[in-house]
Amino acid sequence: MGSRALGAAGASRSHPASAPDAIYTNGKFLTVDAHFGVASAVAIRDGRFVAVGQTDEISALAGPDTVVVDLDGRTVLPGLIDTHAHVERAGLIKYTVQLNDVATVEQALARITEHAAKLPKGRWVRGAQWHPVSQLAEKRFLTREELDRAAPSNPVCLPIGHFTLVNSEALALAGITRDTPDPDGGIIHRDKTTGEPNGTLEEAAEDLVHDLLPDWSDEERDEQMKFAMRYFNQFGLTSAISAAVDPATFRAHQRVRQDGTASLRISAMYTPTGGLNPSMTVEEWELFFSRIGAASDFGDDWLSYSGVKLQIDGGMTLRTAAMRDGYPDDRDYKGTIVIEPSRFNALVATANRYGWRVGVHAVGDAAIDRVLDAYELADAERSIKGRRFIVIHGSLMRPDQMQRAQKLDVRVDAQTSFLWDKAAVVAKFLGKDTADRAFPMRTMIDVMGLNAVAQGTDYPINLLNPFVNMYVMVTRRDKNGNVYGAGERIGREEAIRLYTSSASRYSFAEDKVGSIEPGKYADMVVLSDDIMTVPEESIKDITAVRTIVEGRTVYDRKARK
């Protein structure tokens, strides 16, 4: 392909001041433009691509101060975009007990004991996200009594996504007893014999303990945020939709943005009260939006609001996804709806009325029905078309729902990486046929089009690694090599687009990032292997060698060694 440049190449050569700041040559640049072109070199000036083409013609643009980087034939993608990740959670790696790699209850308890031993008596043992039901050999939660033995002198709070595990000390501090009623939208799980709380808190009940956790200082939050961004950069990620950002976290994002140390573009799904099921009344919700003085899709190219985040059901592996047909072992049980429909409809309509886009966590097909119902009602009051409202997860979306979403111009942002280590648990609770139709990307693309779908990870629920996610999309294999839903496989080019050009549309950034084209920001990732030609089994093993955001290297594997 010939070079494409901003301005004439001759002008760049005749005026040294307009020469590129950097030129990357001898690469295989997958541009992911409309034609999915391939180039061998790019030129960058002021953080943007100014020319894309072949090495000889791009090299001719160099001035005396241009930095020239030879990529030695490596493949390059546009910077990757995760459209659903809890970014700030990566910043807690150094502050919490890490359980995401333990394989047994014994190992988990030993890790907790080790962590608690380093803390003063009475200091909270706080856990990072993990998933005991899928990762532990015992396929179960830790009990209150086990946590009491592991940390006898400290309250324990271990979030696992929609559930939190706590010990007796934490229950006592929260004042939770056998007589404590379940809060609206939540469940205090109890021993079937004694009626005593068993240490598992579900949904809104989690807040009874979470509200007791001491706040991080501004300095701690800022350091956590910077660490989190660098962690994302290691995987070739240059942008992310931060999945549920509360006010304190957004303020930390602002501080990091203002001091110039941000290395990851963030568009936030806002949770004004910190929870996905807002504690505000409908009247308070309206008052908030009437006074905030901003609407979604507001901000700059480093930090913006993408919308407000709500939740309608639970999850497949938690046996709380809301299902049309119930669960195989109990057809009368149809999962959990965490917010009453009329209240949910009012929250969606109010946000829409004040110019806020809405994204809703919806996993089961019955939950997706509720979301689309609410979106249709909101659309009747103020059109949502062109505003890209979101079904978040859409894990068990059916073709009729895809057609409804398409008519409303609603997008779906899925996380096929969930199948990597949790497909077997989905099959256990919902049956193999349901696991096979989970994250139906082939059907979604065929019915809705690539522009209406994209991919993320829901980190730390799932691995952050985008290449593992792409592997699962292309092969439909889990970590054990088992295939789930072979008919939902997609091609490599499609998988790449779901992380780049399609993903950029979430934050209305398709004219700025998502492809390697003149005028767009120079966000890109240099890969360890050629993603288009390696054997399928090797896609998951690809790594980022160098990550570049706005022309600046934010991660270099060689520099870390």
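Author: Residues are numbered from 1 along each chain as its sequence is written, and side-chain values use heavy atoms, leaving out hydrogens and water. Since the model is predicted, local features need pLDDT of at least 70 and side-chain atom pairs count only at pLDDT 80 or more, while totals for chains, interfaces and linings use all residues.

Reader: Why is strand E14 called largely enclosed?

Author: Six of the seven residues of E14 (residues 197-203) are buried, so the rest of the structure largely encloses the strand. Buried means under 20% relative accessible area, with a 1.4 Å probe and protein chains only. Strands are DSSP runs of E with at least two residues, numbered from the N terminus.

Reader: How do you know that E13 and E14 pair?

Author: Two strands pair if DSSP finds at least two bridges between them. E13 (residues 186-190) and E14 have four bridges, in the antiparallel sense. Ile187 stands opposite Glu202 in E14. E12 (residues 163-166) is also joined to E14, antiparallel, by three bridges, and there Phe163 has Glu202 as its bridge partner.

Reader: What makes H13 oblique to H16?

Author: H13 (residues 399-408) and H16 (residues 441-448) pack at an angle of about 40 degrees, their axes 9 Å apart. That makes H13 oblique to H16, because angles under 35 degrees count as roughly parallel, over 145 as roughly antiparallel, 65 to 115 as roughly perpendicular and the rest as oblique. Axes are lines fitted to C-alpha atoms over the stretch in contact, and angles run from 0 to 180 degrees between N-to-C directions.

Methods:
Buried < 20%, exposed > 50% of the residue type's maximum accessible area, 1.4 Å probe, protein only.
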